[in-house]
Amino acid sequence: MTYFEKVTNKFQNLKYMNEDRANFIRDFMHKNQVENVLELGFFQEKSSAYFAAIMEDQGKGHLTTIDMHYAAKRKPSISEVLKKLGLSHRVDMIYAQRSYTWELGKMLQQTPRPQFDLCYLDGGHTWDVTGYGFVIVDMLLKPGGWIIFDDLDWTISKSLKGRPISGTCWKGYSDDEQNSKGVRMVWELIVPHLKYVNRFEESRFAWGIAQKPTK
């Protein structure tokens, strides 16, 4: 049994990555010779587990994944899942106190600066966090590297599902921003501005995928 199959068999009920998405990513990584991956937002790390499994099955690669500090309290946690799968050595986990953008900023200060072949961006989702995050990610991607934006059509109002906004982290957002697709705004406004190429949407998964220019 491959490590990829182990993730499906042992943790098929975990959110949010499903096997169809993981199969797409596996084929995409093989086709584009992806080894070093940056993941922004891992929740219970099913997506992280799939990334690590793909790398283990191909015998190379490493994942750096970032989420908020409270993700460590989820059951099972990312550490528990990776340990059960025997994949801990493929992953560096970073817990952010407030925002992944701060952790990305610290990466920019490192010497040598980390360089990634692919970023899977599934955190923040608002215009400002996604937009600024993408600008920093662009500085960390190798020329010719790729980015996958998850949840192109996510909105605050949809995520609340009719619940009152008072008492949530979204209460300071205007009605306009609550109903706007922040990730899609970044996809349509900033990605072309930075001259990313080979842009396409994978509508099955609400993904936007684009490649950093080589020059």
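In this predicted model, Glu-201 stands opposite Gly-208 in strand E7. Strand E7 covers residues 207–211 and is joined to E6 by four bridges. The two strands run antiparallel.

E6 and E7 belong to an open sheet of seven strands. The strand order is E3-E2-E1-E4-E5-E7-E6, and the pairing is mixed. Strand E3 (91–96) lies at one edge and strand E6 (197–202) at the other. Each of these edge strands pairs on one side only. On average, neighbouring strands of the sheet are turned by 15 degrees against each other, direction ignored.

A helix covers part of this sheet. Helix H4 (residues 78–85) lies across strand E2 (62–68) and E3. Relative to E3, H4 runs at about 170 degrees. The loop between E2 and H4 holds Ser-77. Ser-77 has 7% relative accessibility and therefore counts as buried, the cut-off being under 20%. Leaving aside residues up to four places away in sequence, Ser-77 touches Glu-45 and Ala-72.

Helices H5 and H6 form a further packing pair. H5 spans residues 100–108 and H6 spans residues 127–140. Their axes are 10 Å apart, at an angle of about 20 degrees. H5 is therefore roughly parallel to H6, since angles under 35 degrees fall in that class. The crossing of the two helices is left-handed. From H5, the contact involves Tyr-100, Thr-101, Leu-104, Gly-105, Met-107 and Leu-108. These residues meet Val-129, Thr-130, Tyr-132, Gly-133, Ile-136, Val-137, Met-139 and Leu-140 in H6. The residues of this contact comprise 10 nonpolar and four polar, with no charged residue. Among the residues in the contact are Gly-105 in H5 and Gly-133 in H6.

Asp-175 lies in helix H8, which spans residues 175–178. Its relative accessible area is 58%, so Asp-175 is exposed; the cut-off here is over 50%. Ser-77, at 7%, is buried. Asp-175 is 18 residues from Ser-157 in sequence. In space, the C-alpha atoms of Asp-175 and Ser-157 are 8.5 Å apart.

Note on methods. Residues numbered from 1 in each chain as written. Predicted model: local features only at pLDDT ≥ 70, side-chain atom pairs only at ≥ 80, totals over all residues. Heavy atoms only, no water. Axes fitted to C-alpha atoms, helices over the stretch in contact; angles between N-to-C directions. Parallel < 35°, antiparallel > 145°, perpendicular 65-115°, else oblique. Left-handed = near helix turned anticlockwise from the far one by under 90°. Contact = heavy atoms within 4.5 Å. Nonpolar A, V, L, I, M, F, W, Y, C, P; charged D, E, K, R; others polar. Pairing = 2+ DSSP bridges. Buried < 20%, exposed > 50% of the residue type's maximum accessible area, 1.4 Å probe, protein only.
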